[in-house]
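User: Could you walk me through this structure in plain words?
Analyst: Gladly; here it is, and we can start with a single residue.

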Amino acid sequence: MKTALVTGASSGIGKAIASALLKEGMTVIGLCRSVDQLPDGVKPLACDLRDESAIKVAFESLKELDILVNSAGLAYLSRICDGNPSDWEEMWRVNVHALGLCSQLSLAHFPESGGHILNLSSMSGHRVPPTGGFYASTKFAVRAVSEALRAELKNSGKKTRISCLSPGFVDTPLLDKYFAGREEQLAETRANIDMLTPEAIADAALHILTSPASVEINDVLLRSADQAI
Ligand SMILES: NC(=O)c1ccc[n+]([C@@H]2O[C@H](COP(=O)([O-])OP(=O)(O)OC[C@H]3O[C@@H](n4cnc5c(N)ncnc54)[C@H](OP(=O)(O)O)[C@@H]3O)[C@@H](O)[C@H]2O)c1
């Protein structure tokens, strides 16, 4: 039976992926702060991803892992021209720094035959929307970190696979934060776009994570059929 660690398993996409992996018969560990929000059956691993030493302690408590899903992330609407740098710092810490560190620390727990890391990037990691602000830079960085690690592993003969998922709008609590102060715009976006569900992202994640060991799906871009850009 495989063991998967899912960061951000208390909400949205991470929660749906954790539930899908549980249904698949895997042992699932959920890393987040609100461990009371994890799906039933997911083993809690409380950790604040802004805290590097807490991440190290959390990984020290782990045994074997086969899969790491880095879903934890946050999106403030924070422009470069006048956004609050403390919002940038929190997004960078959780979306990029913690994702890199969790990836590094997971390697020691993977079997010799290789593990699998799935990172949540975004369509905002492929093109910068006008409101992308600092968030988009973190999602470009997720793809860069993923590709760098992939090359490092291949160059040292390691079998671990690295994949990314890059969704457009997914209807989760993340959007409330991103659209804070622009609730009308969120309502309009919801009215115009039949947004992706977290379960649709979990389906794609399952496809990636259950693909044959010889297949490494590097990135999947998913948008609602209504989303133009
Ligand atoms: N929703 C979208 O439209 C969309 C589109 C493209 C990409 N994405 C990406 O998909 C991923 C998941 O987003 P989502 O929409 O599912 O968001 P969400 O529903 O807001 O969930 C975010 C998760 O991240 C965790 N998290 C945030 N800060 C944390 C911290 N300091 N320490 C530990 N965990 C933390 C939260 O857990 P706790 O609060 O319990 O700690 C929560 O489980 C993110 O990386 C996001 O950038 C989302």
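**A residue, a core and a ligand**

Analyst: S78 is buried, with a relative accessible area of 1%, where buried means under 20% relative accessible area, exposed over 50% and partly exposed in between, for a 1.4 Å probe and protein chains only. This is a predicted model, in which local features need pLDDT of at least 70, side-chain atom pairs count only at pLDDT 80 or more, and totals for chains, interfaces and linings use all residues. Residues are numbered from 1 along each chain as its sequence is written, and side-chain values use heavy atoms, with hydrogens and water left out.

User: ok, where does S78 sit in the chain?
Analyst: S78 belongs to the loop between β4 (67–70) and α3; helices (H or I, at least four residues) and strands (E, at least two) are DSSP runs, numbered from the N terminus.

User: and what does S78 touch?
Analyst: Leaving out residues up to four places away in sequence, S78 touches G83, N84, D87, W88, M91, G133 and F134, a contact being heavy atoms within 4.5 Å. With W88 there is also a polar contact between the two side chains, at 3.0 Å; that term means a pair of N or O atoms within 3.5 Å, where within protein one must be able to donate a hydrogen and the other to accept it, and residues adjacent in sequence count only if both atoms are side-chain atoms.

User: switching topic, how many residues are in the largest nonpolar core?
Analyst: That core has 34 residues, and those with the most contacts inside it are L5, L31, L49, I55 and F59. A nonpolar core is a set of buried Ala, Val, Leu, Ile, Met, Phe, Trp, Tyr and Cys residues joined through side-chain atoms within 4.5 Å.

User: which helix gives the largest share of this core?
Analyst: The largest share, five residues, comes from α3.

User: what about the ligand, which residues are closest?
Analyst: The ligand is surrounded by 30 residues, of which the closest are S11, I13, S34, Y135 and T172; a residue counts as near if one of its heavy atoms lies within 4 Å.

User: how far is the side chain of T172 from an oxygen atom of the ligand?
Analyst: An N or O atom in the T172 side chain is 2.5 Å from a ligand oxygen atom, and for the side chain of S10 the corresponding distance is 2.7 Å.
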